[in-house]
Amino acid sequence: MILSFPNKKMFKNIPEYIIPVLDELEGAGYEAYLVGGCVRDRARGVVPNDYDVTTNAKPHEMQSVFSSYRVIETGLKHGTLTVVSSGECVEVTTYRIDGKYADNRHPTSVSFTDDVTLDLSRRDFTVNAMAYSRKLGLCDPFGGMDDLGRKMIVCVGSPTERFSEDGLRILRALRFASVLEFAIDGETADAIHAMKDLLRGISKERIYTELGKLLCGGYASRIMSEYADVLSVCIEGVSPEAIEKTSRVVASLEADAVLRLAYICRLSADMDGDTPAQHAAAVCKKLKTSSADVKRASLFASLMGEMLPVEKKDIKYLMGKLTAEDIRSYAAVRTVFTEDGAESERFIGEYEKIAAADPCVKVSGLAVGGADVMEKAGVKGQAVGRTLAWLLDGVICERLENTREALLAALDDLPEELK
Ligand code: ATP
Ligand code: MG
């Protein structure tokens with residue numbers, strides 16, 4: 001890890017679109033710092049996800065500095081102006097102090113300040129509380145660089161106070177520890193266990209975002225095992241024991257949050273009588289995931305316990321249900337689940353042969369559609385779907401050729417009970 005800081009070289013290749021943003025602010029006489037995750041990641045020698053800028057320019061001053069740019073003003077009340085530079089969005093935020101927190105979540109007020117150190121003091125962890133200016137160098141009032149070197153997550157200030165202000169920080173500490181592969185400082189760790197119940201008051205959407213990153217981090221197993229009590233508060237319906245039990249294996253699954261969550265659900269399902277699919281769906285719904293994630297998680301949870309298909313037609317049915325990527329994930333999960341790669345290897349060999357021919361595996365791939373079957377077979381309503389499914393069945397099992405003529409002709413033999 002590069003830690004010889006302040007080191008101008010580290011900031012040599014700032015993306016092109018950031019430069020004018022810094023230039024405009026500095027040219028108008030304001031301070032301009034890169035701040036937060038991007039400073040942390042560059043210091044680690046990692047490409048940042050995005051670059052945030054902080055400045056002493058007040059919101060209305062930022063508006064005039066960037067008057068010739070396309071801007072998005074939705075965050076302006078909280079001091080954030082999104083500036084579109086060469087087509088990329090850059091968030092520029094006025095140095096800010098958060099007022100008292102009313103509900104363990106939201107500051108009741110924010111006020112602006114001229115002091116970058118005060119802005120850094122409202123941030124969650126020392127490694128996230130650093131700012132770098134091309135003119136003024138590194139601002140690191142809380143020892144973030146040292147903690148980066150020690151690979152340590154440490155709260156800025158008192159952990160109990162900081163977690164009472166915003167309970168989500170408890171989970172963010174675990175997320176950063178998992179993703180950065182850092183340890184958590186003793187006092188911060190104690191407060192995490194002691195204050196975990198604050199997470200109950202946090203919106204599920206915010207929880208799920210952090211949880212997803214945590215589950216895919218390099219230290220996911222370690223964090224799940226050491227903080228099973230805390231994660232069980234986040235993943236409602238899954239006990240600390242289940243999290244502990246699944247912690248080791250999770251890391252050998254692909255880094256896909258839904259897949260890993262499905263695995264945890266699969267192994268905790270037996271405990272309350274639901275099927276694995278029902279249990280995974282319930283857990284995801286409580287986490288307010290997208291409906292696509294509910295579907296994937298429940299499908300994965302049920303498939304994990306099933307042998308991979310052997311017959312060509314069964315492989316094709318699976319292809320109709322899962323994307324190519326998910327099919328590979330499923331096969332990889334089976335390797336972990338069965339502790340033997342032979343089943344997956346055979347399956348992937350067969351699957352690739354079948355997929356290479358690009359067969360029809362879905363109703364949408366049939367050479368006829370709903371209107372055709374309505375007209376030819378005289379079916380209506382739900383019978384249309386049943387008829388198309390019957391045709392698909394014929395195509396998948398290779399009783400029927402997927403051509404318009406063959407399918408329309410087959411409708412002459414449509415079984416009565418489907419009509
Ligand atoms: P990533 O690379 O995952 O985006 P990040 O550090 O940029 O990591 P963000 O969630 O994007 O994390 O937040 C940006 C910065 O805002 C953080 O580095 C931190 O300084 C600050 N921050 C974000 N959320 C909080 C919070 N809940 N409490 C205090 N500071 C926060
Ligand atoms: Mg970020």
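Student: Hi! Which residues surround ligand 1?
Tutor: There are 15 of them, and the closest are Arg 40, Asp 166, Arg 169, Arg 172 and Arg 175. To count as near, a residue needs a heavy atom within 4 Å of the ligand. This is a predicted model, where local features need pLDDT of at least 70 and side-chain atom pairs 80 or more, while totals for chains, interfaces and linings use all residues. Residues are numbered from 1 along each chain as written, chains are lettered from A and ligands numbered from 1 in written order, and side-chain values use heavy atoms, without hydrogens and water.

Student: How far is a polar side-chain atom of Arg 175 from an oxygen atom of ligand 1?
Tutor: That distance is 2.7 Å, and a polar side-chain atom of Arg 40 also lies 2.7 Å from a ligand 1 oxygen.

Student: Is Arg 175 buried or exposed?
Tutor: Arg 175 is buried, because its relative accessible area is 11% (buried is under 20%, exposed over 50%, with a 1.4 Å probe and protein chains only). Arg 175 sits in helix H7, residues 168-180 (a helix is a DSSP run of H or I, at least four residues; a strand is a run of E, at least two).

Student: And what is Arg 175 in contact with, leaving aside its neighbours within four places in sequence?
Tutor: Glu 210, Lys 213 and Leu 214, with contact meaning heavy atoms within 4.5 Å.

Student: New topic: what's the strand order in the open sheet?
Tutor: The seven strands run S3-S4-S5-S2-S1-S8-S9, with mixed pairing (a pair needs at least two DSSP bridges). S3 (70-72) and S9 (137-139) are at the edges with a single partner strand each, so one side of each has no neighbour in the sheet. On average, neighbouring strands are turned by 30° against each other, ignoring direction.

Student: Which strands pair in the antiparallel sense with S5, and over how many bridges?
Tutor: S4 (residues 80-85) does, over six bridges, and Val 83 faces Val 90 of S5 there. S2 and S5 (residues 88-94) instead run parallel, joined by four bridges, with Thr 54 partnered by Thr 93.

Student: What about S1 and S2?
Tutor: S1 (residues 32-35) and S2 (residues 52-55) are antiparallel over four bridges, and Ala 32 stands opposite Thr 55.

Key: Polar contact = N/O pair within 3.5 Å; in protein donor to acceptor, adjacent residues only side chain to side chain. Axes fitted to C-alpha atoms, helices over the stretch in contact; angles between N-to-C directions.
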